Amino acid sequence: MTVETDPSSRQDSLQASRGFLADHLQLNLHTATGHERSLTQIMYNKEGDLLFTASKDHVINAWFSTNGERLGTYNGHNGTIWTIACDSQTKLLVSGSADNQMRLWDIASGKCLKMWEFPTAIKRVAWSDDDKRILCLTEQRSGYQGAIRVFGINREGDCSKQDSEPLVYFSPIGSKATVAAFAPLGREIITGHESGKVALFDAETGEEIEINEKAHLGQVTDLQLSPDGTYFVTSSKDQTAKLHDSKNLQVIKTFTSETPLNSACITPAKPYVIVGGGQDARSVTTTSARSGKFETRFYHRVFEEEVGRVRGHFGPINTIAVHPSGKAFASGGEDGYVRVHWFDESYFRARPYGDLEPED
Amino acid sequence: MPVPDTVPTNNHEEDDEDIDYTEIEERYQLDMLSGLDNILVVDNVPIVNADRRQKLIERLRQAFAKAGAPLSGKQREDESYDDMEMPWDNEADSNKGFLFLTYPSAAEATAALRNLDQTLFGKNRLHVNKFGDIERYASLPIEEGSTPRGWVEDSEIEPQEHLKSWLADPQGRDQYLTYRGESVDLNWIGRGGSSEPAVQAEPRWGELYVSWSPQGTYLTTLHRIGVALWSGKSFKNTVSHRFTHPGVKLFDFSPCEQYLVTWSPDSIVPKPPKDENAPQDPRQFGPEDEGNQIAVWEIKTGLLLRTFPGEKPVQPAPVPAGTKPEDMPAPRKLSWPLLRWSPDDKYVARCHLGTQISVYELPSMGLLEKKSIKIDGVLDFEWCPDRELGASKENMFAYWTPEAANQPARVTLMAIPSRNVLRSKNLFNVNDCKLHWQDQGTYLCVKVDRVKSKRSTFSNFELFRVKEKNYPVETIELKETCTQFAWEPSGNRFAAITCADPNPAHMAPGVVLKTAIAFYYLDPKKGDFKLMRELENKTANTLAWAPKGRFIALATCGSAVKYDIEFWDLDFTIDDTINKRDAADPGSNMQLLSTGEHFGMTDVAWDPSGRYLASSASAFRQSPETGYSIWDFKGQDLQKQPLDKFKQFVWRPRPATMLPKEDQKRVRKNLREFSKLFDEEDAAEESNVSADLLAHRKRLIDEWNAWRSKRVKELVAERKKAGEDQVESKVEDEGLETVEEVVEDILEETEEVVA
């Protein structure tokens with residue numbers, strides 16, 4: 001495992017900030033090799049002891065995040081699984097797939113509790129804070145509009161009795177939505193779009209409340225909320241990741257990289273943002289791994305400066321997730337690997353900017 | 001009727017005086033010019049006394065005839081000619097320095113003017129004018145406050161920009177050019193590698209290629225129609241700094257920036273003049289230049305001095321019986337520059353393969369002593385670059401000739417203009433020679449590739465110590481082939497890359513050879529060169545000495561598998577005194593400072609001060625990832641710029657220092673005091689920057705904290721309003737959970753039958 005410092009980080013940053021990852025962060029690495037095809041989304045449960053991974057190979061895996069041992073597999077989908085989401089009690093898992101099905105799973109037993117079918121593929125699923133609702137974003141394709149549906153989840157008994165009809169159904173107009181999530185308290189839904197637009201919808205009426213047309217210049221590829229949900233990070237093909245205010249969708253910070261980004265997340269405990277990406281899978285074969293820029297990059301989320309890089313994948317990084325306590329992060333790549341990195345003591349001790357640290 | 005008494009006669013007189021004759025005068029004015037159209041005035045003729053008068057006249061007539069303007073007048077009895085008048089100053093007993101020529105017709109006179117004006121007669125440049133023109137311009141009315149017609153109205157002298165203004169930068173920074181896509185940018189490099197644009201770039205610069213003149217005065221851009229020079233603080237391009245040579249591919253400056261040589265693979269086709277009788281524009285090619293490929297220009301005036309034919313294709317040698325054609329060495333070609341300048345711009349020489357070296361004098365571009373130096377078999381030559389020639393010393397060059405029947409190969413030092421052979425050395429079994437002068441002309445190394453057996457070669461260094469009496473020569477014999485050689489600038493050490501592969505030339509491009517790098521030094525006691533240190537198994541193909549010596553960068557350029565740069569210090573000591581070099585073992589002071597990587601790099605170059613090194617990856621050389629990086633001399637990377645379509649990175653050269661020797665010594669002696677000043681400046685700047693930066697960061701943090709606390713409060717309030725229980729959003733740390741993992745490896749399994 002090599003950890004690379006960033007040679008191109010801005011000159012004006014303090015000397016200490018450069019290379020602090022190399023100096024202070026030793027990573028233990030477990031490479032999960034349970035998938036045969038590229039990863040699409042990975043997610044920690046609330047406690048951080050389990051890691052769920054979705055892949056193009058039609059299966060969902062659950063892993064012990066500490067040692068990389070596989071807990072189990074959720075079989076049933078017949079297409080690429082684009083998205084998964086685990087509730088805060090680690091009881092139910094919802095997944096969306098290219099086979100136009102959304103499934104609800106019992107995490108412990110691996111049983112499929114409910115299956116919904118739609119006209120197009122499901123690109124994103126997410127839980128509300130209170131675990132009572134899920135949202136489902138379906139793709140706009142072959143004459144069908146992209147749609148957002150919100151389903152109520154009945155948590156009684158073995159949870160097998162679920163309503164087939166959505167509570168809310170609406171189609172965002174304009175550029176098609178690619179990612180979505182519940183805003184805190186679950187009253188609004190935040191969406192990211194192909195055009196680079198970021199929008200805020202009322203979760204009950206489907207009314208557009210706020211819109212930022214020019215949030216990004218390219219497709220929004222990922223959207224992850226901060227721990228309290230008051231702000232969120234988006235990654236985009238325009239090679240940037242941005243922090244937005246969940247209330248008014250204002251861009252607060254911008255992180256610029258040299259490669260199209262596929263995923264970004266916010267680290268609890270330390271003031272960083274982790275981003276990953278790389279050249280498109282189809283042009284990868286023509287370039288060396290070196291120039292593909294398949295590193296995970298760490299940015300300081302207030303100063304917008306790159307503070308370190310982690311190498312490892314030999315294809316683009318498709319998805320990144322961070323441990324809820326900020327002790328570890330995991331990345332899933334086009335290469336079919338999930339790499340789990342545990343931060344060591346010095347990562348938490350390191351203060352690359354001296355006393356200048358935000359309160360949270 | 002009263003009769004007037006007197007007739008006022010004086011009225012008439014007054015009238016007479018008042019009569020305006022100008023009209024009549026104008027009408028009947030003798031036209032001074034008509035009938036004199038066929039007379040030319042020749043100025044700047046040598047002044048001679050009566051004894052040599054006739055000789056001068058005959059010489060001049062010959063010269064005129066040769067220049068294409070023969071006089072056909074008859075000789076009078078006093079031996080003078082009826083069509084050539086040479087005014088004589090009887091008091092001084094000499095001619096007056098000019099003469100009149102009469103041609104049969106005005107047309108012939110015009111033609112003669114074109115051929116004769118600005119020609120050289122001996123050392124005198126002749127100025128030829130029409131007689132009528134002299135009369136006309138001499139009588140142009142000039143009054144106060146007005147200028148004659150045809151003059152440029154606003155002829156106020158514009159102060160010209162200083163050509164070396166960039167040297168006056170208070171911080172002593174250097175400049176560099178980057179050429180990317182179609183755009184060229186000029187930047188300063190400051191402390192710590194920070195860049196700052198130096199000038200608004202001119203969009204026309206990025207047509208084909210950019211470069212600097214050898215002392216950095218002129219920015220040189222290559223265009224399809226010729227070469228343009230840009231100079232001064234704002235990089236203006238004047239008309240005289242446009243050298244029109246269509247299809248130009250290569251150019252070269254003389255070392256003192258007085259002359260420019262251009263080459264185009266296309267033969268020159270002179271443009272027919274618009275007006276038959278117009279004098280030939282001295283900045284354009286004329287009919288006599290037709291078919292030539294090389295042009296020599298004077299930079300200050302923009303005048304075309306002379307053109308030369310391109311290199312003639314060399315007749316391939318007949319293939320000896322029994323050898324395959326592909327075994328024959330490729331026909332030799334001279335590398336650019338074809339015209340090579342002496343370091344003082346006085347001579348330029350050209351080698352004609354196998355026959356002769358032609359030396360031309362400047363500024364006349366005439367052949368030295370009117371004949372070339374015949375050297376049978378000569379294959380290459382190089383001028384000694386020593387600029388500080390004493391009054392008595394001559395320029396010199398070294399050349400070599402290969403083995404011929406009964407004659408060994410030979411390297412010779414020849415003085416110019418005397419053509420004295422100063423030293424020659426015979427060599428045997430020579431395959432090829434390369435002449436490497438040390439930059440001050442103190443040493444000459446002839447790298448001799450010698451044949452051991454049919455397919456293997458090895459190298460010798462023949463080291464000439466040029467500044468010593470009788471030019472002593474020393475030979476160092478290597479076991480391997482030397483692929484690269486470089487003298488330490490202003491020093492007495494050299495580095496050589498050697499390769500054990502017997503046939504390095506036949507390797508495919510891009511393949512990295514196993515090489516070793518050897519350093520040699522001049523032993524001060526014995527006065528001969530010795531091996532200082534050899535770095536074995538060190539792969540590199542480029543040696544880049546820092547411009548002031550001591551530091552060297554070893555790089556591997558143009559390879560897809562290896563792309564590192566090693567920064568070495570040859571005099572590494574803990575304390576700062578260079579005098580304490582370990583004399584017994586100088587190799588022990590060599591120290592690798594650091595190693596850097598630049599994927600895809602094709603070139604490395606030091607800035608003229610030796611503070612920075614730039615490695616660049618150029619699209620001209622098909623680099624997989626173009627761009628450039630700047631490193632300091634220790635190998636710390638300061639800038640990394642991966643840029644699409646990046647073509648060139650060029651440091652602006654500096655002229656040799658203009659500080660007198662005593663001042664240099666004084667500075668060196670009191671270096672600590674001088675550097676104190678700079679240290680203070682640096683510290684001030686640094687604290688400024690870091691104070692600004694800290695304040696900026698502090699502000700960012702404060703803004704962030706304020707925004708966060710506001711949002712968190714709002715969220716809490718909203719949750720309360722929603723009637724939700726205080727859901728603790730923060731994840732509680734439930735203490736560390738220890739996960740024990742037992743890993744069992746079965747090393748060996750044996751089954752035994754227990755009896």
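Trainee: Is A:Thr296 buried or exposed?

Mentor: In this predicted model, A:Thr296 is found in strand β25 of chain A. Its relative accessible area is 2%, and because the cut-off for a buried residue is under 20%, A:Thr296 counts as buried.

Trainee: Which residues of chain A does A:Thr296 contact, leaving aside its neighbours within four places in sequence?

Mentor: Contact here requires heavy atoms within 4.5 Å, and neighbours within four places in sequence are set aside. On that basis the partners of A:Thr296 are A:Ile274, A:Val275, A:Gly308, A:Arg309, A:Val310, A:Ile317, A:Ile320, A:Phe329 and A:Ser331.

Trainee: What is the relative accessibility of A:Arg297?

Mentor: A:Arg297 also lies in strand β25 of chain A, and residues it touches, not counting those up to four places away in sequence, include A:Ser257, A:Glu258, A:Val273, A:Glu306 and A:Gly308. The residue counts as buried, its relative accessibility being 1%.

Trainee: How far apart in space are A:Arg297 and A:Arg309, C-alpha to C-alpha?

Mentor: A:Arg309 is among the residues that A:Arg297 touches, although the two are twelve residues apart in sequence. Taken C-alpha to C-alpha, their separation in space is 4.5 Å.

Trainee: Which residues touch the most other members of the largest nonpolar core?

Mentor: The largest nonpolar core has 31 residues, and the elements giving two or more residues to this core include β25 (296-300) and β26 (306-310) of chain A, together with α7 (671-721) of chain B. In general, nonpolar side chains of soluble globular proteins tend to be buried together. Within this core, the residues that touch the most other members are A:Leu243, A:Phe298 and A:Phe329.

Trainee: How many residues make up the other core, the one with B:Trp341 and B:Trp383 among them?

Mentor: This other core lies apart from the largest one, and its members include B:Phe397 and B:Ile416 as well as the two tryptophans you name. Its size is 28 residues.

Trainee: Which residue stands opposite B:Trp341 in β21(B)?

Mentor: Strand β20 (residues 339-341) of chain B pairs with β21(B) in the antiparallel sense over three bridges. The hairpin of these strands has five residues between them, and in it B:Asp345 takes a positive phi near 70°. The residue opposite B:Trp341 in β21(B) is B:Val348.

Trainee: Why is strand β22 of chain B largely enclosed by the rest of the structure?

Mentor: β21(B), which six antiparallel bridges join to β22(B), is itself mostly covered, with five of its six residues buried. Strand β22 (residues 356-361) is largely enclosed because the number of its six residues that are buried is five.

Trainee: Which residue of β24(B) is the bridge partner of B:Ile357?

Mentor: β22(B) pairs over two bridges, in the antiparallel sense, with strand β24 (residues 373-374) of chain B. The partner of B:Ile357 in β24(B) is B:Ile373.

Trainee: Which residue takes a positive phi in the hairpin of β22(B) and β23(B)?

Mentor: Strand β23 (residues 366-367) of chain B pairs with β22(B) in the antiparallel sense over two bridges, and B:Glu361 stands opposite B:Gly366. Four residues lie between the strands of this hairpin, and the one with a positive phi, near 60°, is B:Met365.

Trainee: Where in chain A does UniProt place the feature "repeat: WD"?

Mentor: The record is an unreviewed entry. In the model, the span 310-340 is 0% helix and 52% strand, and its end C-alpha atoms lie 11 Å apart. UniProt places the feature at residues 32-73, 74-115, 213-254 and 310-340.

Technical notes: Residues numbered from 1 in each chain as written. Chains lettered and ligands numbered in written order. Predicted model: local features only at pLDDT ≥ 70, side-chain atom pairs only at ≥ 80, totals over all residues. Heavy atoms only, no water. UniProt positions renumbered as here; feature names shortened; annotations may be inferred. Core = buried A, V, L, I, M, F, W, Y, C linked by side-chain atoms within 4.5 Å. Buried < 20%, exposed > 50% of the residue type's maximum accessible area, 1.4 Å probe, protein only. Pairing = 2+ DSSP bridges.
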